[in-house]
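Hi everyone, thanks for coming.

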Amino acid sequence: MQMNKIKLALSLATGLVMALPLVASAAIQDADNKAELGGQVTKQGYSKVAEVNKESVKKLINQKGKHSMSSIHTEITAINTAYDTAFNHKDAAAIAKLYVADAHVMPAPAGEVVSGRAEIEAFMAGLIKAGVIDHKLTMIEVVEEGNIAYQRGKWAGAMVDEKGIRQTFGGNVQVVYRKQADGKWLAVTHIWN
(Lines give C-alpha, C1' and ligand atoms only; values in the text may rest on other atoms or scores of the structure.)
Protein backbone atom coordinates (compact mmCIF):
# COMPACT_ATOMS: atom_id res chain seq x y z
CA MET A 1 0.00 0.00 0.00
CA GLN A 2 2.80 2.43 0.95
CA MET A 3 4.67 1.65 -2.30
CA ASN A 4 1.49 2.43 -4.31
CA LYS A 5 1.34 5.85 -2.64
CA ILE A 6 4.99 6.45 -3.51
CA LYS A 7 4.41 5.40 -7.13
CA LEU A 8 1.38 7.71 -7.35
CA ALA A 9 3.33 10.63 -5.87
CA LEU A 10 6.19 10.03 -8.31
CA SER A 11 3.81 9.86 -11.26
CA LEU A 12 2.16 13.12 -10.25
CA ALA A 13 5.50 14.82 -9.61
CA THR A 14 6.88 13.64 -12.95
CA GLY A 15 3.81 14.92 -14.82
CA LEU A 16 4.05 18.27 -13.09
CA VAL A 17 7.76 18.59 -13.81
CA MET A 18 7.25 17.67 -17.47
CA ALA A 19 4.28 20.03 -18.02
CA LEU A 20 5.67 23.15 -16.37
CA PRO A 21 8.52 23.76 -18.85
CA LEU A 22 6.17 23.30 -21.81
CA VAL A 23 3.70 25.88 -20.52
CA ALA A 24 6.50 28.22 -19.48
CA SER A 25 8.26 27.95 -22.81
CA ALA A 26 5.08 28.74 -24.74
CA ALA A 27 4.33 31.76 -22.57
CA ILE A 28 7.83 33.19 -22.62
CA GLN A 29 8.25 32.86 -26.38
CA ASP A 30 4.96 34.55 -27.31
CA ALA A 31 5.60 38.18 -28.27
CA ASP A 32 2.21 39.38 -26.94
CA ASN A 33 2.69 37.75 -23.50
CA LYS A 34 -0.03 35.25 -24.45
CA ALA A 35 0.17 31.55 -25.23
CA GLU A 36 -2.34 29.19 -26.73
CA LEU A 37 -2.92 26.21 -24.49
CA GLY A 38 -5.41 24.45 -26.75
CA GLY A 39 -8.93 24.74 -28.05
CA GLN A 40 -10.27 27.07 -30.71
CA VAL A 41 -8.42 30.28 -31.45
CA THR A 42 -10.17 33.67 -31.66
CA LYS A 43 -9.56 36.21 -34.43
CA GLN A 44 -6.92 37.84 -32.21
CA GLY A 45 -4.99 34.56 -32.09
CA TYR A 46 -5.67 33.82 -28.43
CA SER A 47 -6.97 30.54 -27.14
CA LYS A 48 -10.58 30.51 -25.97
CA VAL A 49 -9.52 27.96 -23.36
CA ALA A 50 -6.76 29.93 -21.65
CA GLU A 51 -4.26 32.77 -21.84
CA VAL A 52 -1.02 32.63 -19.91
CA ASN A 53 0.67 35.78 -18.70
CA LYS A 54 4.44 35.62 -19.18
CA GLU A 55 5.24 37.32 -15.88
CA SER A 56 3.00 34.90 -13.94
CA VAL A 57 4.81 31.96 -15.49
CA LYS A 58 8.21 33.47 -14.67
CA LYS A 59 7.12 33.93 -11.06
CA LEU A 60 5.89 30.32 -10.92
CA ILE A 61 9.19 29.06 -12.33
CA ASN A 62 11.16 31.15 -9.83
CA GLN A 63 9.04 29.91 -6.92
CA LYS A 64 9.40 26.29 -8.03
CA GLY A 65 13.12 26.80 -8.56
CA LYS A 66 13.62 28.27 -5.09
CA HIS A 67 11.76 25.38 -3.50
CA SER A 68 13.21 22.55 -5.55
CA MET A 69 16.65 23.79 -6.42
CA SER A 70 17.74 25.38 -3.17
CA SER A 71 16.82 23.42 -0.05
CA ILE A 72 16.17 20.01 -1.60
CA HIS A 73 19.21 20.33 -3.88
CA THR A 74 21.38 21.20 -0.88
CA GLU A 75 19.94 18.39 1.25
CA ILE A 76 20.33 15.67 -1.38
CA THR A 77 23.83 16.91 -2.26
CA ALA A 78 24.72 16.52 1.44
CA ILE A 79 23.29 12.98 1.41
CA ASN A 80 25.37 12.15 -1.68
CA THR A 81 28.49 13.50 0.03
CA ALA A 82 27.74 11.48 3.17
CA TYR A 83 27.16 8.34 1.06
CA ASP A 84 30.40 8.77 -0.91
CA THR A 85 32.39 9.58 2.23
CA ALA A 86 31.03 6.54 4.09
CA PHE A 87 31.61 4.26 1.10
CA ASN A 88 35.15 5.51 0.51
CA HIS A 89 35.94 5.15 4.23
CA LYS A 90 34.62 1.57 4.11
CA ASP A 91 31.78 2.32 6.56
CA ALA A 92 28.83 0.18 5.47
CA ALA A 93 26.94 0.93 8.72
CA ALA A 94 27.01 4.68 7.95
CA ILE A 95 25.73 3.99 4.43
CA ALA A 96 22.84 1.88 5.80
CA LYS A 97 21.76 4.76 8.07
CA LEU A 98 20.95 6.79 4.93
CA TYR A 99 18.02 4.42 4.20
CA VAL A 100 14.64 3.90 5.88
CA ALA A 101 14.35 0.65 7.85
CA ASP A 102 12.36 -1.07 5.08
CA ALA A 103 14.21 0.38 2.07
CA HIS A 104 14.95 -1.51 -1.15
CA VAL A 105 18.17 -1.46 -3.15
CA MET A 106 18.03 -2.78 -6.71
CA PRO A 107 21.61 -3.22 -7.91
CA ALA A 108 22.89 -3.69 -11.42
CA PRO A 109 23.15 -5.86 -13.39
CA ALA A 110 19.68 -7.17 -12.59
CA GLY A 111 20.81 -8.29 -9.17
CA GLU A 112 18.50 -9.52 -6.46
CA VAL A 113 16.58 -6.85 -4.57
CA VAL A 114 18.19 -6.10 -1.21
CA SER A 115 15.55 -5.20 1.40
CA GLY A 116 15.89 -3.69 4.84
CA ARG A 117 18.63 -1.68 6.49
CA ALA A 118 20.51 -4.74 7.84
CA GLU A 119 20.62 -6.43 4.41
CA ILE A 120 21.64 -3.15 2.77
CA GLU A 121 24.51 -2.80 5.25
CA ALA A 122 25.66 -6.36 4.51
CA PHE A 123 25.36 -5.79 0.75
CA MET A 124 27.40 -2.56 0.90
CA ALA A 125 29.99 -4.27 3.10
CA GLY A 126 30.26 -6.95 0.39
CA LEU A 127 30.90 -4.32 -2.30
CA ILE A 128 33.55 -2.69 -0.14
CA LYS A 129 35.16 -6.07 0.65
CA ALA A 130 35.15 -6.91 -3.08
CA GLY A 131 37.37 -3.86 -3.59
CA VAL A 132 35.05 -1.16 -4.93
CA ILE A 133 36.72 2.20 -4.29
CA ASP A 134 36.35 5.86 -5.22
CA HIS A 135 32.56 5.85 -5.21
CA LYS A 136 31.03 9.08 -6.55
CA LEU A 137 27.38 10.14 -6.95
CA THR A 138 26.68 13.03 -9.31
CA MET A 139 23.22 14.58 -9.23
CA ILE A 140 21.59 15.51 -12.53
CA GLU A 141 18.12 16.33 -11.23
CA VAL A 142 16.29 16.36 -7.94
CA VAL A 143 12.56 16.94 -7.49
CA GLU A 144 10.59 17.30 -4.27
CA GLU A 145 6.84 16.80 -3.99
CA GLY A 146 5.54 16.93 -0.43
CA ASN A 147 7.38 14.39 1.70
CA ILE A 148 8.75 12.51 -1.35
CA ALA A 149 11.77 13.46 -3.44
CA TYR A 150 13.68 11.70 -6.17
CA GLN A 151 17.13 12.08 -7.55
CA ARG A 152 18.31 11.13 -11.02
CA GLY A 153 22.04 11.07 -11.63
CA LYS A 154 25.23 9.21 -12.39
CA TRP A 155 27.41 7.01 -10.23
CA ALA A 156 31.02 5.98 -10.66
CA GLY A 157 33.46 3.70 -8.92
CA ALA A 158 36.67 1.79 -9.46
CA MET A 159 38.48 -1.41 -8.59
CA VAL A 160 42.10 -2.45 -8.82
CA ASP A 161 42.52 -5.95 -10.24
CA GLU A 162 45.04 -8.57 -9.12
CA LYS A 163 47.59 -7.17 -11.61
CA GLY A 164 47.27 -3.70 -10.08
CA ILE A 165 45.36 -2.30 -13.05
CA ARG A 166 42.70 0.22 -12.12
CA GLN A 167 39.31 -0.33 -13.74
CA THR A 168 36.64 2.36 -13.61
CA PHE A 169 32.94 1.85 -14.14
CA GLY A 170 29.68 3.69 -13.61
CA GLY A 171 26.15 4.23 -14.81
CA ASN A 172 22.81 5.79 -14.05
CA VAL A 173 21.22 6.04 -10.63
CA GLN A 174 17.78 6.89 -9.29
CA VAL A 175 16.96 7.26 -5.62
CA VAL A 176 13.56 7.94 -4.06
CA TYR A 177 13.61 9.65 -0.65
CA ARG A 178 10.95 10.14 2.01
CA LYS A 179 11.09 12.98 4.50
CA GLN A 180 10.98 11.70 8.07
CA ALA A 181 9.07 13.23 11.00
CA ASP A 182 12.33 14.87 12.16
CA GLY A 183 12.77 16.54 8.72
CA LYS A 184 15.59 14.22 7.64
CA TRP A 185 15.47 12.69 4.14
CA LEU A 186 16.14 8.94 3.91
CA ALA A 187 16.28 6.70 0.85
CA VAL A 188 13.29 4.42 0.24
CA THR A 189 14.33 2.93 -3.09
CA HIS A 190 17.75 3.02 -4.74
CA ILE A 191 18.39 1.59 -8.21
CA TRP A 192 21.40 1.77 -10.48
CA ASN A 193 22.63 0.33 -13.76
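Let me start with a question: in which sense do strand β5 and strand β6 pair, and over how many bridges? Strand β5, residues 166-179, and strand β6, residues 185-192, pair in the antiparallel sense, over seven bridges. When I say that strands pair, I mean that DSSP finds at least two bridges between them. One of the partners to look for is Gln174, whose bridge partner in β6 is Ile191.

Before we go on, a word on what we are looking at. This is a predicted model, in which local features need pLDDT of at least 70 and side-chain atom pairs count only at pLDDT 80 or more, while totals for chains, interfaces and linings use all residues. Residues are numbered from 1 along each chain as its sequence is written, and side-chain values use heavy atoms, with hydrogens and water left out.

Now the overview. The protein has four helices and six strands, and from the N terminus on they run α-α-α-β-β-α-β-β-β-β. Helices here are DSSP runs of H or I with at least four residues, strands are runs of E with at least two, and both are numbered from the N terminus. Of the 193 residues, 32% count as buried; buried means under 20% relative accessible area, exposed means over 50%, and partly exposed is in between, with a 1.4 Å probe and protein chains only.

Back to the sheet. The six strands form an open sheet in the order β2-β1-β6-β5-β4-β3, with mixed pairing. At the edges stand β2 (114-115) and β3 (133-145), each with a single partner strand, so one side of each is left without a neighbour in the sheet. Further in, β1 and β6 run parallel and are joined by four bridges, with Tyr99 finding its bridge partner Ala187 in β6. On its other pairing, β1 runs antiparallel to β2, with two bridges between them; Val105 has Val114 in β2 as its bridge partner.

Where does helix α4 lie? Helix α4, residues 117-129, lies across β1 (99-106), β2 and β6, and runs at about 50° to β1. The axes behind that angle are lines fitted to C-alpha atoms, for helices over the stretch in contact, and angles run from 0 to 180 degrees between N-to-C directions.

A search of the whole structure finds one cavity of 30 Å³ or more, and the largest cavity has a volume of about 70 Å³. Here is how that works: on a 1 Å grid over the protein atoms alone, a cavity is a set of points where a 1.4 Å probe fits but cannot get out, a pocket is an open set with protein on both sides within 12 Å along at least five of seven lines, and lining residues have an atom within 4 Å of a point. Grid points are joined across faces, edges and corners, and a volume is the space filled by probe spheres set on the points. The residues lining the largest cavity include Tyr83, Tyr99, Val175, Ala187 and His190. Helix α2 supplies the largest share of that lining, three residues.

Let's stay with His190, which is found in strand β6. Is it buried or exposed? At 4% relative accessibility, His190 counts as buried. Leaving aside its neighbours within four places in sequence, His190 is in contact with residues including Tyr83, Tyr99, His104 and Gln174, where contact means heavy atoms within 4.5 Å.

There is a pocket to point out too. The second largest pocket has a volume of about 220 Å³ and is lined by 16 residues, of which Leu127, His135, Trp155, Phe169 and Trp192 lie nearest its centre. Here α4 gives the most to the lining, with three residues.

Last, two backbone details. Most residues other than glycine have a negative phi. Lys90, which is not a glycine, has a positive phi of about 60°; Lys90 sits in the loop between α2 and α3 and is exposed, with a relative accessible area of 54%. Asp134, also not a glycine, has a positive phi of about 55°. Asp134 is found in strand β3 and counts as partly exposed at 40% relative accessibility.
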